[in-house]
Every structure is written in structure tokens, then in C-alpha cells.
Amino acid sequence: MSDLSLYRNIGIFAHVDAGKTTTTERILKLTGKIHKTGEVHDGAATTDFMEQEQERGITIQSAATTCFWKDHRLNIIDTPGHVDFTVEVYRSLKVLDGGVGVFCGSGGVEPQSETNWRYANESEVSRIIFVNKLDRIGADFLRVVDQVENVLGANPLVMVLPIGREEDFIGVVDLLSREAHTWPDPGNPEKFEIGEIPADMVDQVEEWREKLIEMAVEQDDELMEAYLDGNEPSMDDIKHCIREGTRKLDFFPTYCGSAFKDKGIQLILDAVVDYLPTPTEVDPQPLTDEEGEPTGEVATVSTEEPLRALAFKIMDDRFGALTFIRVYSGILNRGDTILNSFTGKTERVGRMVEMHANDRNELEGAQAGDIIAIVGMKNVQTGHTLCDPKHPCTLEAMVFPDPVISIAVAPKDKGGAEKMGIAIGKMIAEDPSFHVETDEDSGETILKGMGELHLDVKVDILKRTYGVELAVGEPQVAYRETITEAVEDSYTHKKQSGGSGQFGKIDYRIKPGEPGTGFAFTSSVVGGNVPKEFFPAIEKGFGSMMNEGVVAGFPVLDVEVELYDGGFHAVDSSAIAFELAAKGAFRQSMPKAGAQLIEPIMKVDVFTPDDHVGDVIGDLNRRRGMIKDQDAGATGVRIKADVPLSEMFGYIGHLRTMTSGRGQFSMEFSHYLPCPSSVADTVIEQVKERKAKG
């Protein structure tokens, strides 16, 4: 059995272009996993193995690999930075024990960094911070440290200070050991020198070292008292405190370097081993019942416990379907029969493999703490629990965001329809944020995703990986409907057609709910005018109608229904009668309650050079944007705004034209707001036209 104290399950996450994949490449080179470093800009990075990743120079799907450093086993997941692929980050964080947050030395805390940081906080993942690209113009380590504190609300624990700035950056000072690490030969990360601190940095090093120790010893009252009395703790004691504080998320050890120039990566690997938790040191995963409610039990990480594993990613590659799993407890061997607690079906484990990007090593067994892939599992989806058939259990499920954008697609030739159906089935299993449905009126296939790039990549995969040529329609916005007024109403469903009839009378109030609450049903009936056994049917009736509103047929959000009275018939009343009464009540009352169209508003974050700020703000205003904030940095200005999604299609092209190719932006869904009447009228007209064509 492997010693779990020597395991580190870590993820590397950051904003687009902060250098995650390059950092991963350097780690693999240093640990001897690869012998030639692949560069992202050449399309040769080990973990970016999809054609689409190599061409675009971005990471699209998370990739797993395993390497060793100082006798410790590191299971590493390299995640995407682009906001359209956030789901990959979320599900990776769900199964990791620790992470490395990479920030760009000049860009600092960028929009996607905030989203990823929030996900990591929700998943309670311990992190160390690596401020990368310190050799770039405008790079400033302490400015990024300040942003981590103020923008992310986190406590960075500064562990090193940079020697030199921008192109003169040559290495770092390790504050704990008071040693200078310099890399004189770029491209040769193993060759570095340890020497004296530069004379002009001695005072600064002592100042930051004192801050480091003060923050660390707060983890231990005895050490703190001794330190206040003038006794500096031993190196082992300080490291123990740092490890404890990192595990409890009280602070985040912060390093810096340049991954591309091979500077500072050894210290990151040492920090992963020294400060990030082992699988047994993190809070165990909670177990839930079939409805997803916590049972109070947990999956303790131990080889002595029954098998419990979570499928966190499905991938289809040239060898067949791969199910990535994190084993939380127990032991799994080849040939074992395991239970999928979601489907209630058992499956036999055929081949198990350890992944290295898209290569693999065959395994005979795995144990608690391992991240592996199983080949050829059937009916397993992301978030399913795999467990010992004698000890069924369900691990806390994953929750994925709803898509906000859709496009209509159709195969260009008849033979493509079947191929497209099979391919889309595999793609849905791989990516839970990608949805597909068929428009009943037009018969079109509708692909739904998190953004233009997300859908663009999906169409590209269908074309190149599966050979399906598609005709692609214009992007469509995921509009929704809601109500603006409270209404008190009554509805009676009566039907008499020989034999027993149907009767159900309900008195109810419909009112707007809090934003983001969806549909809520309550009952305040007293006196038994509507028997309790019919309440679920009434709730089901109203709930089923929320899928199609009365304005333009879009799903309805944020509506509260309260049943306060009604009537029933001893013979003719039934659950179906009350369900039909609720459906009729919905159709009757929604128009009275001021039903209206609402549109998705995106949180947009634009970076522009100083001389184009006016143009960018003017353009966002024309797109009905609300400017929220401006933040001037060393190399340009970040503008934060709330903008309707419908106004943002094709924005990257406009932004590049306005800023001579130097502007960047990212956006993610924020909330829904009412559409202006002119926009609503246009959308309703388009829906009518589509239905007329269909």
C-alpha cells in the first residue's frame, strides 16, 4: 500500500494567458516526467493535446498527469482559464486537495482569477499562489500581492521576494532561509545558484520575513508567546504553522518567478510538498441521500473503509470512453464489481489507467487518494458515485451552471444526421455545461453553451473529430420570463363525461419571487378545504408550466405560488384533477400578473490600453452597458461593466479593431433584468416568425 502522507492531489488554475500550462510543462520537466519542454505558443504543450487547443493556444479541457518530487506523488490537473470552460475548473477543484493559483505579474488579479478563486473557496481547497511572468514589462510582484488582498479578500503569505525587475529579473530570495536563488541560464531550470542576499535587499527581506513569521505563529499560541518574548521558532515549527494555516485557508503562501524562463519552479514544488495537505488532512466529502440532502456521514479517506469514488470527468478518445475518478476511500482492483449509486446498476472494472495527458499507463489497482481513469464504463456521468455494492452511498453531487447562449445547427448531408446524434451524445456526457435539444416547431437541433467560444469549439469538434459538416445559425440568447405584479385568483377544473368526473378548485396568490429563486410553492390552506394529499399534484401542475411562459414561450423564473384555499369533491376530486386545475390557473393568471421578458446580463471585464479607454466606454454604452468600475494598471485600464448578452455577439472583433489588437475581455453570466420594450417586441416577433416557418 502507498503511504497517503506522500500524496498531493493538486490543480493549477488561473486566468487566460497567466501561464498555467507553461507552469505545468516546467513542473513535468523538473520532475523528469518529460525530457523536452513543449511550448504553448508552438502548440506543443503536453497537456494541451486537442487540435483545437494547439491551434488557439488555450486550454479547453482539464488534463491529468502524475509525477514525483522528493519521494512525493503529485497528481496534477491543468485546467482551462477561459470563462467559457469554467465548468472544467469547477469539477477539477471538486476532487482536489490543494491548488496552485497562477497570476500574471503584469495583469495581476484578472476576471477569471476571481471566478476560479471563488470556486476554490466554495470547494474549500487549500492553495499556494504563484505570481508568474515577472520578467515582463509592467510586472510588479508586490502590486499583485496587494490585489490578492484587496480584490480577492485573501491573505497572501509572502514567502519570497524577486531579485531584479522586468527584464532584469534573475531570481528570488527565500525569506525563511534568507538565501538568494538565481537562475543564470534560461532554459536550464536544474542549474541554479544559492547565494547571499543582494546587499540592497537585506532590510526589505528582514521586514517581510518578520511579517511572514508573525502571520505563521498565530496558528500556535505557545509559539506566538515565545516569539513575542523574543525567541524565534525553529524552521520546522514555522513550517508546521504555515502548513496548518494553509490547510485552514487562513492564508496562502505566495511565490513568484517566470515559468517560461524556468525561474522559481523548484520552490513551488517544495511548497506543494511542504504546505499543501495530504488526502487525509482535508475535510472528508459529505455523503447525501438520493435527493442530495446531507446524511451527516462522510467519506473518510482511508484504505480500510469501503470503496467510495466520484466520477468527475468523462472523456472519449482514440482508445474509447474514459471515466476519470477520484477514489476517496477503500481499494479498487481490476476485475472488481462496483455499484453506480445514481443508476443502481453494477459494472465490472476492466482496464484501469494512470493518465499522462493523452498517454496512459495500465494499472492493476488504485486506492484512497488516487486519481485514475477507468476504460469502457457504461452509463456513468459526471458527478455519479461509484461504490462497493455491499455499502451503497452517494457522495455530494456537482451543480453546474445553466447555458446562456444557443445556436441552431443542421448536418449538411443526410448521412450526417446519424453521425451527429452519436457524436453529440458523447459530447454531452463529457461536458455537463453543454446542452442539446430539438426545437419541436422547426425540427432544428439547438446547441446550448456558456459562450460563443464554447459553442465555436463544439462545432469544430463535431467537424474535425467526428467528421460532421454543419450549417450553423446565428447565436441566440437564453431569454426568460417572469412577472411583475402580485395576483390573487381562483380556478376551478370541472369535467363531467359519464362515470366519475373531475373536480378541483384552488384559490391562490401568484407573486414575483426574489431574483435567482426560480419557482417556489407554499400552502397556507387550513380546515381541509383542499386535502394535503393533493398539494404535490398542485405544485407539479404549476411547476410543469414554468417551462414555457405566456409572453414568448421562454422558461419562467422567480415566481412564488401560495395556495390559500379551494374546494374538493369527495368522489370526483383526484390528483390529476388538481394538477390540471394548477395548469389552467397558470394560463389564466400569468398575463394578469404583468408577465414580461427578461434577458441575461453579463459581467464584462475589458482590458484596454490607456489611449483607447474613451472609445471602449462609448462602445459599451452603445451596447446598453452599465459601467461599474475602472481600474488603471501599469499597462492599461480594466473596465468592469454589466452588459446584455444580446449586445455582446462578435465583441472581440470590434474590441480588437478599436484597440489595434491590444484589447482583451472576458465575460460571465451575472443576472437577469427586464428587456426594454423595443428589444422584447423584436424577440417576440422573431419567435412568431420561427414558429410560422416551422
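Predicted model: local features only at pLDDT ≥ 70, side-chain atom pairs only at ≥ 80, totals over all residues.

Me: What makes the buried residues of H15 line one face of the helix?

Reply: Start with who they are: Tyr651, Leu655 and Met658 are the buried residues of H15, which spans residues 651-658. Looking down the axis of H15, these buried residues fall within an arc of 65 degrees, so they line one face.

Me: Why does Ile197 count as buried?

Reply: Buried means under 20% relative accessible area. Ile197 has 17% relative accessibility, so it counts as buried. As for where it sits, Ile197 is in the loop between strand S10 (193-195) and helix H6 (202-217).

Me: Which residues does Ile197 touch, leaving out those up to four places away in sequence?

Reply: Ile197 touches Val173, Arg178, Ala180, Val202 and Val205. Leu175 is 22 residues from Ile197 in sequence, with 9.8 Å between their C-alpha atoms.

Me: How do you know that Asn132 is buried?

Reply: Same test: the cut-off is under 20%, and Asn132 comes in at 2% relative accessibility, so it counts as buried. Asn132 belongs to strand S5 (residues 126-132). Between Asn132 and Gly107 there are 9.9 Å, C-alpha to C-alpha, for a separation of 25 residues in sequence.

Me: Why are H6 and H8 called roughly perpendicular?

Reply: Angles of 65 to 115 degrees count as roughly perpendicular. H6 and helix H8 (residues 235-247) pack at about 65 degrees, with their axes 8 Å apart, and H6 and H8 are therefore roughly perpendicular to each other. Their crossing is left-handed. On the H6 side the contact is made by Leu212, Ile213, Ala216 and Val217, and on the H8 side by Ile238, Cys241 and Ile242.

Me: What is the class make-up of the contact of H6 with H8?

Reply: There are 7 nonpolar residues in the contact of H6 with H8, no polar and no charged.

Me: What makes H12 oblique to H13?

Reply: Helix H12 (residues 535-545) and helix H13 (residues 575-589) pack at about 40 degrees, with axes 7 Å apart. Under 35 degrees would count as roughly parallel and 65 to 115 as roughly perpendicular, so H12 ends up oblique to H13. The crossing of H12 and H13 is right-handed. Among the residues making the contact are Ala537, Ile538 and Phe542 of H12, and Phe578, Ala582 and Phe586 of H13.

Me: How many nonpolar, polar and charged residues does the contact of H12 with H13 have?

Reply: The contact of H12 with H13 has 9 nonpolar, 2 polar and 4 charged residues.

Me: Zooming out, what does the secondary structure of the chain come to?

Reply: The chain has 16 helices and 38 strands. Of its 694 residues, 53% are buried. Taking contacts between residues at least 6 apart in sequence, 71% join residues at least 24 apart.

How values were computed
Residues numbered from 1 in each chain as written. Heavy atoms only, no water. Buried < 20%, exposed > 50% of the residue type's maximum accessible area, 1.4 Å probe, protein only. Helix = DSSP H or I, 4+ residues; strand = E, 2+ residues; numbered from the N terminus. Arc of directions from axis to C-beta. Contact = heavy atoms within 4.5 Å. Axes fitted to C-alpha atoms, helices over the stretch in contact; angles between N-to-C directions. Parallel < 35°, antiparallel > 145°, perpendicular 65-115°, else oblique. Left-handed = near helix turned anticlockwise from the far one by under 90°. Nonpolar A, V, L, I, M, F, W, Y, C, P; charged D, E, K, R; others polar.
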